[in-house]
Amino acid sequence: MEQTMKRHARVDVADVLRGFAVLAIILLHSIEHFNFYSFPDTTGQSEWLNFTDKSIWNGLFFMFGGKAYAIFALLFGFSFFIQHDNRRMQGYDFRARFCWRLLILFLIGNINACIFTGEILVMYSLVGFVLVATCRLPSRALVVLAAVCVVQPVCLYQIVRAICSPDYMAGVIDSSSFWRATFDVQSNGDFLSTVKVNLWEGQLASLAWAWEHGRIFQTAGLFIAGMLIGRHGWFKRDMLGRWGYVLAVALICFFPLKGVEPMLGNYIGNQNILKPLKIVVSSLANLSFATALVSGILFAYYKTTCLSKLLSRLIPYGKMSMTNYVTQGMVGSFLFYHWGMHLQLGITASVFVGVAVFVVQYAFCLFWTGHHGHGPLEWVWKRLTWL
């Protein structure tokens, strides 16, 4: 009996990070109109609103663009480790069960994709099998695999080929027809036509975008990195000293990468070199900044009393991260797509919509977690996992 009760305690700072990531995602999705890039004509708009629109767009994408999803992916790998190791300590092998869990996630992701063009759970359910394949490897091998993934091996191959052979043309996925179909249905379609297009053209467009922008390999690398964080207890308070080194390295890497990214086109004319190189540099810059954000949150949570209390308020929101992520997509598509309210809002107004959705979700999280141990979708996912 004593053996079967062994398990890891819930890590509160992981819920803080999840809550932070989902909050950042909803703010970005709101100003993007949930992957529906349709905005009202700003001719005649005041200079003040022009300024706030540009500041909010640039500021949010600088802070969270590509970083919030990176943190979310890192925590997905961390959660897998906790579940896998809990079962290992109880004498069971979790790998087959996790494959079933990924299949359930695939179905949940497709339900979300019916409504929201651009959801990521389907991609997570597909890439997640890398965790099953690698979880028994030694840590050194996992470090190497994670590093290979995050440096974008396909892009590096394309760069080398283009340098060695001037006639080399990198393969391109033509997803323009998929994007046109999704934009048309977002602009003019009813609910059923939106569901139909999103389940095929919308999913293909989203997965093609992820492949073309290096998200597939980056996600796999972050899944493995999250698993390593769990394996070596890096989210514990006594590991803060190591996070100090991580923060220093992340900042040292970020600024030159971010600085050189817009300059590459001035010195490289060959598009077969320039395009994959930009993906590599942009991906590494975003990863560096995301790592700095994680390090900063850990220091704030463990070392600063006032910030720790403030960040702790995100724990209920982080515990229900899947519920919040899925419902924000449903609410956002209803607000901005043609099948719903089809709101025509500028960027400044849209960010306040995102804040309002967060406030409503947060209030619901406080109520729900006061009476239940899991969020609604988290509970469904757990129950179906153990069928």
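Helices H14 (residues 271-303) and H15 (residues 305-312) pack at about 110 degrees with their axes 6 Å apart, and are therefore roughly perpendicular to each other (angles of 65 to 115 degrees count as such). Here helices are DSSP runs of H or I of at least four residues, numbered from the N terminus, and axes are lines fitted to C-alpha atoms over the stretch in contact, with angles running from 0 to 180 degrees between N-to-C directions. The model is predicted, local features needing pLDDT of at least 70 and side-chain atom pairs pLDDT 80 or more, while totals for chains, interfaces and linings use all residues. Residues are numbered from 1 along each chain as its sequence is written, and side-chain values use heavy atoms, without hydrogens and water.

The contact (heavy atoms within 4.5 Å) brings together Ile297, Ala300, Tyr301 and Lys303 of H14 with Thr305, Leu307, Ser308, Leu311 and Ser312 of H15.

Turning to charged pairs, the structure holds 5 salt bridges, each a side-chain nitrogen of Lys or Arg within 4 Å of a carboxyl oxygen of Asp or Glu. Asp15 meets Arg10 at 2.7 Å, N to O, and Arg18 at 3.0 Å between the closest N and O atoms. Arg18 and Asp15 both lie in helix H1 (residues 12-31), 3 residues apart, about one turn of the helix. Both are buried (under 20% relative accessible area), with Asp15 at 0%.

A further salt bridge, between Arg136 and Asp93, spans 3.4 Å, N to O. This pair links distant parts of the chain, 43 residues apart: Arg136 sits in the loop between H6 (129-134) and H7 (139-150), and Asp93 in the loop between H3 (68-89) and H4 (95-115).

How values were computed. Helices (H or I, at least four residues) and strands (E, at least two) are DSSP runs, numbered from the N terminus. Angles under 35 degrees count as roughly parallel, over 145 as roughly antiparallel, 65 to 115 as roughly perpendicular and the rest as oblique. Buried means under 20% relative accessible area, exposed over 50%, partly exposed in between (1.4 Å probe, protein chains only).
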